[in-house]
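Here are some notes for a colleague who is opening this structure for the first time. They are meant to be read with the model in view.

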Amino acid sequence: MRLHSQWLRVALFITFFILFGRLLLQWLSVESSTGVRNHKILVWHWPFGNSLNLAGDFCKDKFGVPNCIMVDDQSQFSDADVVIFHNRELIQREQKLPVNLNRPKSQRWVWLTMKSPDYNGNVIPFAGYFNWTMTYHQDADIYSPHGVMVPKDFETDEPIEDLIPKGKTHLVCWVVNDFSPDHKRTAIYDKLKTVIPIEVYGEEVNRGLTDDTLLPTISRCFFYLAFENSVFRDYITEELWHNAYRSGAVPVVFGPPREDYEAVAQKDSFIHVNDFSTIEELGQFLRKLVMNGDAYASYFNWRRKYTVVVKHWVELACEFCPKISSMPPHKVYKDLDGWQR
Ligand SMILES: *[C@@H]1O[C@H](CO)[C@@H](O)[C@H](O)[C@H]1NC(C)=O
């Protein structure tokens with residue numbers, strides 16, 4: 001009898017330990033099975049309502065990043081290490097910063113935007129709220145460019161012709177969905193089209209392209225006008241990374257200075273509008289370049305060694321997770337608007 005109750009006590013103790021110990025660990029959410037600290041990232045709201053299903057160990061299952069818990073459930077605010085706020089919804093007042101909640105001392109608030117200051121609305125009221133930025137700026141805390149050029153594992157030795165899409169029929173193409181006569185790029189286009197023919201696509205001219213038709217269409221062009229809608233430091237978008245590089249049309253870029261492009265892309269992979277003193281000169285240069293096969297092909301040399309990678313911001317957030325512990329302990333953006341310009 002006595003022995004029996006002793007076993008019962010041991011069994012009870014073990015049950016208690018398993019149940020509550022696990023709960024305690026979960027509650028603390030500190031140690032993972034490998035003993036490395038878990039970080040919790042809370043996506044306060046999804047950009048443009050484009051939500052992802054974060055079920056399971058999302059960062060690990062999708063991108064191979066362990067010890068990173070990503071959630072989009074606002075009720076987990078109090079134990080999140082990092083909270084990401086996308087600018088657009090804040091500006092449009094569809095979402096608010098939870099300034100009324102008790103913000104843990106070590107919690108970082110992240111300001112996420114992929115757009116240029118011209119499209120971010122008035123962010124002056126956000127001064128002093130954010131600890132980190134997640135943008136295309138090279139000096140953002142969570143650098144999230146619209147694309148990157150990464151070295152290939154093996155340099156290819158294919159003949160250069162094989163790196164150039166076949167069947168090019170148009171000299172210069174442009175896709176414009178966001179048209180404004182006030183954009184600087186519009187003035188350049190207006191002048192350039194008097195020098196050489198430009199094939200224009202996009203909603204603006206009722207020739208909208210879909211995700212399926214965009215790249216095959218642009219690949220038939222020798223050059224693509226990767227013109228940014230506004231000119232700001234580091235502001236280089238999918239115009240270059242997706243439309244131009246992915247299609248295999250040589251980009252003619254307009255945006256920040258050449259140095260900004262060279263900081264992220266091979267310098268012989270694009271032509272910069274600023275390389276010419278007049279638009280007339282640029283037009284003549286393009287016209288001559290296609291008549292000299294070798295010179296044109298030289299803009300594809302980089303493709304032997306590099307490849308272009310475009311990542312979703314969520315992947316970049318997961319990849320950032322292991323760096324959280326080594327970030328400076330304290331930071332506040334006192335002049336967010338000044339910083340973004
Ligand atoms: C984050 O920013 C807030 C608001 O300015 C500030 O009070 C807090 O100390 C900052 N935290 C860190 C960890 O930098």
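**Notes on the model**

1. Arg-93 sits in the loop that runs between α3 (87–91) and β4 (108–112), where helices (H or I, at least four residues) and strands (E, at least two) are DSSP runs numbered from the N terminus. The model is a predicted one, in which local features need pLDDT of at least 70 and side-chain atom pairs count only at pLDDT 80 or more, while totals for chains, interfaces and linings use all residues. Residues are numbered from 1 along each chain as its sequence is written, and side-chain values use heavy atoms, with hydrogens and water left out.

2. The phi of Arg-93 is near 60 degrees, a positive value in a residue other than glycine. Most residues other than glycine have a negative phi. Arg-93 counts as exposed because its relative accessibility is 74%, given that buried means under 20% relative accessible area, exposed over 50%, and partly exposed in between (1.4 Å probe, protein chains only).

3. Asn-206, in the loop between β8 and α5 (214–218), also has a positive phi near 60 degrees. With a relative accessible area of 74%, Asn-206 is exposed.

4. Which residues of helix α4 (residues 184–192) are buried? They are Arg-185, Thr-186, Ile-188, Tyr-189 and Leu-192. Seen down the axis of α4, these buried residues fall within an arc of 160 degrees, so they line one face of the helix; the arc is that of the directions from the helix axis to the C-beta atoms. Their cover includes β7 (170–175), β9 (221–227) and α8 (279–289).

5. An oxygen atom of the ligand is 3.0 Å from a polar backbone atom of Lys-331, and a polar side-chain atom of Asn-131 lies 2.4 Å from a ligand oxygen. The protein covers 73% of the 360 Å² of accessible area that the ligand has on its own, with areas from the Shrake-Rupley method and a 1.4 Å probe.

How values were computed:
A polar contact is a pair of N or O atoms within 3.5 Å; within protein, one must be able to donate a hydrogen and the other to accept it, and residues adjacent in sequence count only if both atoms are side-chain atoms. Contact means heavy atoms within 4.5 Å.
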